[in-house]
Amino acid sequence: MIEMAIASGKGGVGKSTVSSTIAITLAKKRKVIAVDADADAPNMHLILGMRESKWEWEEPYSDSMVAKIVQAKCIKCDECRKICPYRAISIDPQGNYVISQVICEGCLTCSLICPVKGAIVREQALSGIMRMTHTKYGFPLISARLSPGRPNTGKLVTEEKTKAKEIADQETVIVVDSAAGIGCQVVSSLAGANMAILVAEPTPASFNALKRVHTLAKHFMQPAAIVINKWDMNSQLSEEIEAYARENNLDFLGKVPYDDSIPKSMALMKPVMEAFPDSSSSKALLEVAERVGSILDNWRSWFMRYRPKKPEPYKPVIIKPEGF
Ligand code: SF4
Ligand code: SF4
């Protein structure tokens with residue numbers, strides 16, 4: 001089993017397009033499971049032409065607690081509403097005190113001040129939904145959708161990857177399309193992956209984000225490869241990104257030109273290689289995906305060549321008020 005995480009550090013650079021093309025291409029010869037690890041804004045199913053209502057399996061996901069007022073016991077003293085640090089408690093049109101499940105952090109400060117025993121209880125919050133379906137491209141897609149205001153997105157991504165491993169076998173390639181940024185979802189996407197594929201576009205923001213997410217991959221001792229999307233928007237910066245790849249022992253998978261076919265294919269809810277197979281972007285993406293196939297064919301030697309020599313230490317950024 002090989003798990004590859006596709007990450008970019010920055011949103012909107014074409015990561016899900018690259019992930020989908022890799023999954024579709026590899027699935028022609030191998031057993032593939034795709035994981036959409038962006039639980040805040042899942043979109044891989046849309047790129048693969050699936051509508052929200054077509055999931056074969058769905059399961060509620062809960063990993064946190066929220067407070068709830070037992071109306072029969074509440075004496076409407078207002079103490080909880082005054083003390084809630086998150087302003088999660090309000091009075092509804094019927095005069096009842098109610099707690100917003102979206103805002104409540106489950107700290108239970110309200111229950112400590114409540115004069116009536118048992119008037120405020122804790123209950124499981126619906127944190128999100130895990131779901132799975134079989135795509136028409138011959139591989140299952142595991143996805144998740146976080147409920148508004150719920151934390152622990154990284155834990156939900158870990159659950160998705162665990163589900164993928166449960167149905168995988170030794171020959172399976174798990175393609176994880178991670179979220180943007182380097183937050184907990186991305187950390188969970190990269191943690192345990194055998195390789196990272198980093199997608200960048202030639203903009204200063206994307207190049208900077210690429211370096212940050214590459215640091216994370218090095219922390220996990222992952223060999224990494226790079227794809228430049230929309231490379232012709234700024235060919236000079238593209239060359240700088242290529243130079244960064246050479247200097248930092250990143251494999252270079254290829255460059256995809258800017259092409260209207262990609263947003264048009266998204267509007268059609270089709271992968272670009274299906275909607276516009278003769279477009280320049282489709283051909284370039286296919287070459288990238290085939291290059292990933294060659295990496296898997298020569299996995300051991302590729303892994304040894306591109307594996308970081310030592311792990312990047314974890315350096316937390318500590319922000320202090322001025323004068324400290
Ligand atoms: S548990 Fe905390 S956040 Fe939730 S309503 Fe009570 S005081 Fe507010
Ligand atoms: S503190 Fe307790 S009794 Fe008072 S309004 Fe809140 S839930 Fe009701």
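In this predicted model, the shell around ligand 2 comprises 10 nonpolar residues, 3 charged residues and no polar residues. The protein has 324 residues, of which 42% are buried, and its secondary structure amounts to 12 helices and 13 strands. An automatic or database assignment divides the protein into domain 1 (2–60 + 128–306) and domain 2 (64–125).

**Ligand surroundings**

- Ligand 2 is surrounded by 13 residues, and C74, C77, E79, C80 and C114 are the closest of them.
- Ligand 1 also has 13 residues around it, with A67, C84, C104, C107 and C110 coming nearest.
- By class, the shell of ligand 1 contains 10 nonpolar residues, 2 polar residues and 1 charged residue.

**Overall dimensions and domains**

- Along the principal axes, the C-alpha atoms of the protein fill a box of roughly 70 × 55 × 40 Å.
- The C-alpha centres of domain 1 and domain 2 are 42 Å apart.
- Among contacts with a separation of 6 or more, 77% are between residues 24 or more positions apart.

- An open sheet is formed by 9 strands with mixed pairing, in the order 3-8-9-2-10-1-11-12-13.
- Strand 3 (57–61) and strand 13 (251–256) are at the edges of this sheet; each has a single partner strand, so one side of each is left without a neighbour in the sheet.
- From one strand to the next, the twist averages 15 degrees.
- Strand 2 (residues 32–37) and strand 9 (residues 140–146) run parallel and are joined by 2 bridges.
- Within this pairing, V35 stands opposite I142 of strand 9.

- Strand 10 (residues 173–178) is largely enclosed by the rest of the structure, because 6 of its 6 residues are buried.
- In a regular strand, side chains alternate between the two faces of the sheet.
- In strand 10, V173, V175 and D177 point one way, while I174, V176 and S178 point the other way, and all are buried.
- Strand 1 (residues 2–7) pairs with strand 10 in the parallel sense over 5 bridges, and M4 has V175 as its bridge partner there.
- Strand 2 likewise pairs with strand 10 in the parallel sense, over 6 bridges, and V32 has V173 as its bridge partner in strand 10.

- A23 belongs to helix 1 (residues 15–26).
- A23 is buried, because 30 other C-beta atoms lie within 10 Å and the cut-off for a buried residue is 20 or more.
- Apart from neighbours within four places in sequence, A23 is in contact with V32, A34, F139 and V175.
- The C-alpha atoms of A23 and A289 are 8.1 Å apart in space, although the two residues are 266 residues apart in sequence.

**Loop residues with positive phi**

- K230, a residue other than glycine, has a positive phi near 55 degrees.
- K230 lies in the loop between strand 12 (224–229) and helix 8 (235–247).
- K230 counts as buried because it has 21 C-beta neighbours inside 10 Å, where the threshold is 20 or more.
- M269, also a residue other than glycine, has a positive phi near 55 degrees.
- M269 is located in the loop between helix 9 (261–267) and helix 10 (272–275).
- M269 counts as partly exposed, because 14 C-beta neighbours are found inside 10 Å and this class falls between 12 or fewer for exposed and 20 or more for buried.

**A205 in helix 7**

- A205 is placed in helix 7 (residues 204–219).
- A205 is partly exposed, because 13 other C-beta atoms lie within 10 Å and a residue is exposed at 12 or fewer.

Notes: Residues are numbered from 1 along each chain as its sequence is written. Chains are lettered from A and ligands numbered from 1 in the order in which they are written. This is a predicted model: local features need pLDDT of at least 70, side-chain atom pairs count only at pLDDT 80 or more; totals for chains, interfaces and linings use all residues. A residue is near a molecule or strand if its C-beta atom, placed from the backbone, lies within 6 Å of it. Ala, Val, Leu, Ile, Met, Phe, Trp, Tyr, Cys and Pro count as nonpolar, Asp, Glu, Lys and Arg as charged, and the others, Gly among them, as polar. Helices (H or I, at least four residues) and strands (E, at least two) are DSSP runs, numbered from the N terminus. Two residues are in contact if their C-beta atoms, placed from the backbone, lie within 7 Å. Two strands pair if DSSP finds at least two bridges between them. Axes are lines fitted to C-alpha atoms, for helices over the stretch in contact, and angles run from 0 to 180 degrees between N-to-C directions.
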